[in-house]
Amino acid sequence: MLRNILTRHSPLATRLVQHRPIYRSIAAMSAPETTVPAQETRPVEQAKPAGAEPAVATEGVAEQSKKGAKKEAKRLEKLAKAATKTSSAQTQAPKKEKAEKKEKKVEAPAEAWVNTTPKGEKKDVSGNFPAGYDPTQVEAAHYDWWNAKGFFKPRYGADGKPLKKGTFSITFPPPNVTGNLHIGHALTVSLQDALIRWKRMQGYSVLYLPGYDHAGIATQAVVEQRLLKTEGHSRHHYGREKFLEKVWEWKDQYQQKITLQMTRLGGSFDWDKVAFTMDDNLSVAVREAFVQMHEKGLLYRANRLVNWCVYLNTSLSNLEVDQLPLTGRKKLNVKGYDPKEFFEFGVITSFAYPIENSEERIIVATTRPETMLGDTAIAVHPDDKRYTHLHGKFAVHPFNGRRIPIITDAITVDMEFGTGAVKITPAHDPNDFECGLRNKLEFINLMNDDGTYNENAGPYKGMKRFHIRNQIIIDLKEKGLFVEQNDNEMQIPICSRSGDVVEQIIKPQWWINCKPLAEDALKRTRAGELEIKPKTSAGDWVRWMENMQDWCISRQLWWGHRCPAWLLKFDGEAPDSSDDKNWIVARTEEEAQEKAAARANGRKFTIEQDEDVLDTWFSSGLWPFSTMGWPNKTADMENFYPNSILETGWDILFFWVARMVFFGNSLTDVMPFKEVYCHPMVRDAYGRKMSKSLGNVIDPLDVITGQNLAKLHGDLRQGNLPEKEIIKAEEGQKKLYPKGIPECGTDALRFTLCNYTSGGRDINMDIGRVEGYRKFCNKLWNATKFCLFRMDAVDLAGVRQTSSFVPNASHLVCHL
């Protein structure tokens, strides 16, 4: 059957099976440590019996003399004795082997292979065939030559236009310059590069564009943590400009490291088109997008509720907020407080509000008692007969005497839950915010940016938020208004960058109106302009688009694109910074001055640029076309936009992919890609999310080159983890990689990752499986060596032989 399969699929195989009989199996060849005498594998017709002398025919030779006969007899006798001794030795061989096993021979270490190919030159592979598969030796030098020869660039016809087959393009999802790539990035490179090389072989003009993301909040946080750890200062010690210099140094350092990882992973990128989200040309695109979106009425300024990180002093996107699940009471230390100080979470507190001019009380419950200082209503369900008599009446705030209206709201209140009465704090809760808008309630902001409470908190002014929580409980008890506390299953919002407990506060910010953008995206998706795979992700896409919320795009950071907006100030007036009408949106300061002068109509004014920067998803949302030269009309925009496919993780479908679709449709009037393929999320062998504190984050280079446990431990200490977390991570590494990580090579790693994608939304990454595919590569290596041997190209030791074999030319027109 093997003969039939081979001859049916390959002219080379046809020659192999028609060659001399095969006496040794490929399986036997797959053990590189086994040495077999060359004579043992010769074809039968060439083999010679041991001890046989070649026959020589000579005409006219006389009979041997008696003396010669005696000599010949003695010679034969000696040969017979030698044969007897050999036979005896072979019989006793097993005993000797047993004895030899006791004596372990110390073999000299193999000489390390050195790559002698000059960078960018073609590798000379004409030498002897190595005994076994060595990924370092096999993979070395090829990439530099491919790149130097321009094999990774798009190919064009003689007329300068794309090839007749068409174009194919992928813009690599830009990794953050916060640190090294992890194994999830390796999965992305493996899948995308397989598609890219396949399309090149099919004859397309192919562009695989690399780049990097400045990752605003993430990079600023990691650099500041590093400065605190190494120099003992926060960014405020250095000031904005000096701190940004240090961030640029960090960016340059890690961009270089990431580039090395991308090349070692074999990604066939066009490095002449490499991009960074804060490059000058991409920054022009960011400002142009901001202005156009504002002109279209899709971008606006407003005072709305945001996620706020007290420790970092900035607003956060939903993606930057993790949820810590609690099943009941738990004491936690909060970032920015004394490490020995703990606060109780997972508790719901019930207390009573006295009804105005009555002995009656109404009981409400909350998981955040401190926010009751900002309550501006108590809501009940309109159909709840228990509270019908209270409709339109007021409760009295026990600490400031404020009259609190009792309102009806069927959306906010579930009358079957708790007491059926809900305290409403519009300035500090998303549901209460919407309730406040519906019922035109007062919005009272309690908290300063640093987590202390302001003058609206009355006697609690200046106290920190969780200290107030404890004090409120004490004061409620003193007033006889405390009812009870019970365990409460809940989730605590945690800043993914700092570990601080996230607050909800009202801040004047820049927003994008996402509802019309989502409606347009759904319409185009249903019309077939965008295909999302697999189907589970397509269903998620539709559900999320149908429930779209507006997007806060401004951040109170130093690292990033400053908002291209200037506050217009007339002499003697203090403008409301939350009012969109008081802002000038422009591409440059010169343009802003012109617009302000026209609006001032002769009045004296000044303009001041917004200190805030844009959410990093704003600039990365422009990635498919800003990298092609937009807003200019370039050849790349014409040939490679929209991109052919976006291959990415399903976990950022709603954040990054949605942003790209919104901007692509709005600014270029076309979907930025024709297809989205969502690959699984990579977890560790136990199914846990990759986390530095667990010690399970895998650097692809460690798998490619191998790494001992001590070095893995050392790498942990290069980061920003506190000592307690480092010890925990080291224990995790000991459990996962007790002997370190074996050298597997790029091919084995990529092959493993591609095979992992056959099903499911998660990959439980097991290094043992990569090692298994490295052994598979060794089998392929030895099978190849065996084939070359059968074609007389090498002998069994791998030494090159003179051979007349010439392979058939490939029908494929391709570059690697």
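I began with R438, which lies in helix α12 (residues 430-439); helices here are DSSP runs of H or I with at least four residues, strands are runs of E with at least two, and both are numbered from the N terminus. The model is predicted: local features need pLDDT of at least 70, side-chain atom pairs count only at pLDDT 80 or more, and totals for chains, interfaces and linings use all residues. Residues are numbered from 1 along each chain as its sequence is written, and side-chain values use heavy atoms, with hydrogens and water left out.

I looked up the cover of R438 and found a relative accessible area of 38%, so R438 is partly exposed (between buried, under 20%, and exposed, over 50%; 1.4 Å probe, protein chains only). Leaving out residues up to four places away in sequence, R438 touches D409, I411 and T412 (contact means heavy atoms within 4.5 Å). D409 is 29 residues from R438 in sequence, and their C-alpha atoms are 8.9 Å apart.

Next I turned to a sheet. It is open, with four strands in the order β6-β5-β18-β20 and antiparallel pairing (strands pair if DSSP finds at least two bridges between them). β6 (314-316) and β20 (551-552) are the edge strands with a single partner each, so one side of each has no neighbour in the sheet. I checked β5 (residues 299-309) against β6: three bridges join these antiparallel strands. In this pair, N307 stands opposite L316 of β6.

Last, I looked at F751, which lies in helix α24 (residues 746-756). F751 has 38% relative accessibility and therefore counts as partly exposed.
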